[in-house]
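Open the model in your viewer and keep the selection panel at hand. The stops below say what to pick next and what is there.

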Amino acid sequence: MVHATVYVGFTVPQLLRGAQSRIFPSHSPLGVLRHSAFCYCTGNGTIKSKRKMDHLERTANNFRQEVITQAKVCGITNESETVKRLRLAIANKDFTFKAGQWVDFFIPGVSVVGGFSICSSPGLLEREGILELAVKHTAHPPAHWVHTECTLDSEVALRVGDLHGYQEGKGNRHELGTVKLYYSAKNTSELLFKKNILGLMKAFPGKITCCFHVTQQRSQICEELQPHITEGRISEKDLEKHISNDTSWYICGPPPMIESISKLLTNIGVPRNRIFFEKWW
């Protein structure tokens, strides 16, 4: 049976053993970060505090690959006024990931470990040894470093985290039929990868479609985007037309948005075992 899939997204723009000590000696800055990460992931998983937890505390119970890999920044691109895309050269042939996974991001001299979703495909890593991250500018030390101090040839370290994901029930594997993406941002300049998405829509007509939503657009919308743009937030009316027994729903965005959309879907009759999202940040 062929199924439909709906993605609802919002820009905000997953330990250490023997051989790794040869890559990052214990006395090196990355070795210190590695030890710190191990302590957080094994000792702080049950700590409760009123302060906002950092990435390693939030993901303490998530599975991680053992390999920590050194990477070098080989490209920096402004995807928008608030988001930079980093291209990272990976020399370690044992480093792999699957679509949807994220990385722990270790920066020499920065004690806080970042957590960023991978925005490139596993195929790019296989072909060119390149991994890409899209990082939104915030005051969080790793993101702040990316936007203010990171340069070409900066060296960092990565470890892949496994997004088993948060799922409201156990879904079934199924053959993908059609994909409908609802993608919301403040304005069109914050709609990251919009050209890629438009390209996919042209390459797979009728199979992949997208409705872009903008909530604070001030400038003229370009002609290419106009047919796909809706001004205002994603609404119940937008989503209810796609309800069926064969539709799966994937939500990605900040926690309040995920909670709001998940509740909305439940209220309009979407079964809980058809709603998928993760909250790892």
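Select helix α5 (residues 141-148) and then the strands around it: its buried residues pack against β3 (83-90), β4 (102-107), β5 (110-117), β6 (130-136) and β7 (155-161). Contact here means heavy atoms within 4.5 Å. The buried residues of α5 are Pro142, Ala143, Trp145, Val146 and His147, where buried means under 20% relative accessible area, exposed over 50%, and partly exposed in between (1.4 Å probe, protein chains only). Helices (H or I, at least four residues) and strands (E, at least two) are DSSP runs, numbered from the N terminus.

This is a predicted model, in which local features need pLDDT of at least 70 and side-chain atom pairs count only at pLDDT 80 or more, while totals for chains, interfaces and linings use all residues. Residues are numbered from 1 along each chain as its sequence is written, and side-chain values use heavy atoms, with hydrogens and water left out.

Zoom out to the whole chain. Its secondary structure comes to eight helices and 13 strands, and 44% of its 281 residues are buried.

Next, select Leu88, Phe95, Phe105, Leu131, Leu133 and Leu158. Within the largest nonpolar core, which has 24 residues, these touch the most other members. At least two residues of this core come from each of β2 (69-78), β3, β4, β5, β6, α5 and β7. A nonpolar core is a set of buried Ala, Val, Leu, Ile, Met, Phe, Trp, Tyr and Cys residues joined through side-chain atoms within 4.5 Å. There is also a second, separate core of 16 residues, with Val8, Cys211, Leu264 and Ile275 among them.

Stay with Phe105 and show its surroundings. Leaving aside residues up to four places away in sequence, Phe105 touches residues including Leu86, Leu88, Val113, Leu133, Trp145 and Leu158.

Now display the aromatic rings. How many aromatic pairs does the structure hold? There are four; rings of Phe, Tyr and Trp (its six-membered ring) pair if their centres lie within 6.5 Å, and planes under 30 degrees apart count as stacked, over 60 as edge-to-face and the rest as tilted. The rings of Phe105 and Trp145 have centres 6.3 Å apart and planes at 55 degrees, so this pair is tilted. Because Phe105 lies in strand β4 and Trp145 in helix α5, the pair ties together parts that are 40 residues apart in sequence. Both Phe105 and Trp145 are buried.

Go on to Tyr250 and Phe276. Their ring centres are 4.8 Å apart and their planes at 15 degrees, so the pair is stacked. Tyr250 sits in strand β12 (residues 247-252) and Phe276 in strand β13 (residues 275-277), so that the pair links distant parts of the chain, 26 residues apart. Tyr250 is partly exposed, with a relative accessible area of 28%, whereas Phe276 is buried at 14%.

Move to strand β10 (residues 208-214), where five of the seven residues are buried, so the strand is largely enclosed by the rest of the structure. Three bridges join β10 to β11 (residues 229-231), and the two strands run parallel; strands pair if DSSP finds at least two bridges between them. Phe212 stands opposite Ile229 in β11.

Finish at Thr69, which is found in strand β2. Is Thr69 buried or exposed? At 1% relative accessibility, Thr69 counts as buried.
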